[in-house]
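Here is a short tour for anyone who likes to read a fold strand by strand. Please have the sequence and the 3D view open as you go.

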Amino acid sequence: MTDMRSRSQAKASPACAANGLGAGIGDQGAGQLSAGQLGAGDLAGNLQVQHEQGQRQVFCGLAGIVWLHRKIQDAFFLVVGSRTCAHLLQSAAGVMIFAEPRFATAVLGDRDLAGLADCNEELDRVVTELLARRPDIGTLFLVASCPSEVIKLDLENAAERLARAQQGRVRVLAYSGSGLDTTFTQGEDTCLSALVPVLPEAAAGSDALLVLGTLPDVVEDQFRRLFEALGIPSLHFLPPRRGSELPPVGPGTRLLAAQPFVGDTAAALIDRGATLIAAPYPFGIEGTRAWIGVAAEAFGISAERVEAVTAPAAKRAAVGLERYRAQLAGKRISFLPDSQLEIPLARFLQRECGMELVEVGVPYLDRRMMGAELDWLPAALRLTEGQDLERQLDRLRADRPDLTVCGLGLANPLEAEGLTTKWSIELVFSPVHGFDQAADLAELFVRPLNRRERLAF
Amino acid sequence: MQLTVWTYEGPPHMGAIRIAASMQGVHCVLHAPQGDSYADLLFTMIARSAKRPPVTYTSFQARDLGADTAELVRKTLRETVERFQPRALLVGEACTGELLQDQPAALAQGMGFDCPVVPLELPAFTRKEHWGASETFHQLVRTLLRGQQPRTLDPVAEGRRPRANLLGATALGFRCRDDIAEVTKLLDSAGVDVNLSAPAGASPEDLLRIPEADFNVCLYPEIAQSTCVWLERMFKQPWVKTVPIGVGATRDFLIEVGEVAGIDTSAAIAAGRTRLPWFSRSVDSTYLTGKRVFIFGDASHVIAAARIATEELGFEVVGLGSYSREFARELRAAAERHGVEALISDDYLEVEAAVLELAPELVLGTQMERHIAKRAGIPCAVISSPVHVQDFPARYAPQMGFEGANVIFDTWVHPLMMGLEEHLITMFREDEEFNDEAVASHLGSGKLTAASADTAPGPATTAEPTTSADGMGADAAPAWEPEAERELKKIPFFVRGKARRNTERYAAERGVARITVETLYDAKAYFGR
């Protein structure tokens, strides 16, 4: 809202950008911009990883609630935090109009902080009030935030106490979505980790595949059909669509991560006897084929069988992708850190769409979850872990890629500087996995470039 | 602890950011954890700003808590001042920063910066966004005007028109952009010049010129009243208290401007052009008479709306309230005038209970009342923040002044028209055009035509052969396997019809008799989106 000064005002002082044309985001000061310096890095696979620390423009893990509350239909997410947390949630989700929201915040007041009120008694009161209002809740997540972590409020204990008080009518679990501990999609990881201890024990000797990470319903169904056609004996997804349908886990469980940000959940499942299948992520044709292939191999299914089952979908995906490849080939792209989807998506865009990777930023690098992906990246890639926002923007302005993948706090300001952006959150909120979404995924990156060409001014 | 489904205001540091983002040459440094930078999105997305708000966050994480967070504050301050060279620096804490007690403002004051440093005390667990904005603006003005003396001003002796400051408009304020333009026009028609508008559009240098105005106009009391009171005390500047929202209030505003500026504004009042009185008098508006309305929002907009609703539209106010506790007295007085009791609460659930109990025919509220109205099935219009992206429109849409009254008439009556349609849909459910399929939540009415809705019957219920858009006979139409039909239902409704037609065309062209899930995706790959 830099254009609030009325045009008819007689005595205007220094002009402000009226319409964003040519308004820069680095021009708030005299702008002594030195090129961002990166420190020494370390190696991951064949890659040099650079580390940065400083101001970060990322969401905290509470943002995960925005899609988790849709996925797990009988769950309710109660954040224990400050007004800031409540404000974040409604700023993100509040453009939708909810007759019955499935998330809320227990806002801490000064009495809670001063110890005048017993936080645990207060929490019990709020939860009782909530459950009375919403008898349909099957699973209640108590979500920790920065303030609750700093005052060391023990939500795990509170969850156990509340579950007892509800006498099993409602499952109560706790996890942290605080910015101190989690970045954006990590909020899903911490949420799913909290589910692991309550998963039923798999029957002895059972062989099952457990696909890990939130997938859109339509994608989940596609994968289900493919795995069933391969003859995978038993198949489950975590998270489930309802809290009452938890998948079993045990020594016969093979884990296949569909999302790169579920490392802690995978570790917790391994502790319960499951085995992790190391695979790239099912983005694009190559990624999906490898992802399914490695899983099939773990179950002793022949490569011929995999080929037979996946060929029709892979073939039509190639048809669909061809249309967009032509528009992406040779274009330069940079990723600012956001969701940890950056590496697999960069791999897809480079190998299957012919794009040139300028810089790939990740909020953090989980080497165990990313091993298979790193092998596919070009050795000379500028890969950065962490963020020092202003320096990263200096590099971006020096690079001027054809397309920048970034969050919504930066997208419009960068557009105003003449850079074309693809806002990254959409990649978490769209069906992008699997063969039949490969073209859709490419199209998400084509669209902003296409739009820029269409508009006359 | 308070169970908060929706919050009417953000935390107080959000108010501080709004002041910084409203102005030029002001930068705000906040001691805040990673993730609090979500606040930037309100400016870049909701208000569609083409610039990042001038805020730097220390972005501390768990690993920093064991180390020296105060050093992190100093480093952030140093780098920010060096990079942005602000002409005034605001320094404060977000809620979690407050718990760490690093005293960032004190640290900043000790660092010898050559721009004014404004320390912000923003108690995050007791105060909220508007208080934070009001306090930040007040402290900034005080800091900058320190040492200035009151002027003796006399427009007549100086041979010029009276000059006013417009105070209170901010970034993310409800319709501030256009209100400023409208009030500037209004004052001009009365022979008054605008000295400056602040905080919106002003720089620190502009604020130094505040004492050059003959009087202040307090457009948004929630933001600027404390500053107006202080300026009156320190600089002997009188201030105009009427908020010009509504036809009557706009006229009263001009009368008060006349009194404060010592000029005759009756000609400007007489020349004021607005369509609301005639639109409201025309017979088409007769059905509005006595419509029961519930009003909620910030204090100023609620008080203004209640007056318009009763005196200018002929509604009956059945409930009125606000989350602005700072203005409880004014609200109670207004409620008394309308014969109801004011609901002063920031508890969404309490407001919801009041609406459900009163069952009004129209709710005038905030984005939050839209949720309530949806649940209760009541028409709703937005009159106050908090608002979302749709209430930062591209078109000229003030609330204030004579044009503001036109906007208000259209906005408030619009959902009622929709409401009538809804009644008809309830009465006659089988209409082809007006049905309750897949209604967009923010439209509140069935907007889907049969062409875009996917209304094709399932395979088991095919009674009438249909002819599809491209003139293909029904006998040639391929049949859908139940599983494919179910798969189609997973496609969002707004593209489902197109997907259905594309798939059928694809199958027909290839002589496929039964459409399977594979056919659906084959067609999808063939046609693209």
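Which residue does L166(B) stand opposite in β8(B)? L166(B) faces V217(B) in β8(B). This is a predicted model, in which local features need pLDDT of at least 70 and side-chain atom pairs count only at pLDDT 80 or more, while totals for chains, interfaces and linings use all residues. Residues are numbered from 1 along each chain as its sequence is written, chains are lettered from A and ligands numbered from 1 in the order in which they are written, and side-chain values use heavy atoms, with hydrogens and water left out.

**Chain B as a whole**
- Chain B has 22 helices and 16 strands; helices (H or I, at least four residues) and strands (E, at least two) are DSSP runs numbered from the N terminus.
- Of its 529 residues, 60% are buried, where buried means under 20% relative accessible area, exposed over 50% and partly exposed in between (1.4 Å probe, protein chains only).
- Take the contacts between residues at least 6 apart in sequence: 70% of them join residues at least 24 apart, with contact meaning heavy atoms within 4.5 Å.
- The accessible surface of chain B is about 21200 Å², and 52% of it belongs to carbon and sulfur atoms (Shrake-Rupley method with a 1.4 Å probe; for residues, only the protein chains shown count as cover).

**The sheet β3-β2-β4-β5 of chain B**
- These 4 strands make an open sheet with parallel pairing, in the order β3-β2-β4-β5; two strands pair if DSSP finds at least two bridges between them.
- β3 (55–57) and β5 (117–119) of chain B stand at the edges with a single partner strand each, so one side of each has no neighbour in the sheet.
- From one strand to the next, the twist averages 20 degrees.
- β2 (residues 26–31) and β4 (residues 88–93) of chain B run parallel and are joined by 6 bridges, with V29(B) opposite V91(B) in β4(B).
- Helix α4 (residues 69–84) of chain B lies across β2, β3 and β4, at about 165 degrees to β2(B); axes are lines fitted to C-alpha atoms, for helices over the stretch in contact, and angles run from 0 to 180 degrees between N-to-C directions.
- Helix α7 (residues 129–145) of chain B lies across β4 and β5, at about 140 degrees to β5(B).

**The sheet β7-β6-β8-β9 of chain B**
- Another open sheet of 4 strands has the order β7-β6-β8-β9, with parallel pairing.
- Its edge strands, β7 (193–199) and β9 (239–240) of chain B, each pair on one side only.
- Between β6 (residues 163–169) and β8 (residues 215–218) of chain B there are 4 bridges in the parallel sense.
- Helix α11 (residues 221–235) of chain B lies across β6, β8 and β9, running at about 160 degrees to β8(B).

**Helix α9 of chain B**
- α9(B) is largely enclosed by the rest of the structure, because 10 of its 14 residues are buried; among them are C176(B), D178(B), I180(B) and L187(B).
- After α9(B) comes G191(B), with a positive phi near 85 degrees.

**Helix α9 of chain A**
- G263(A), T265(A), A266(A) and L269(A) are buried in α9 (residues 263–271) of chain A.
- They cover an arc of only 160 degrees around the axis, which puts them on the same side of α9(A) (the arc is that of the directions from the helix axis to the C-beta atoms).
- Their cover includes α7 (186–195), β7 (208–212) and α13 (367–374) of chain A.
- Just after α9(A), G273(A) has a positive phi of about 105 degrees.
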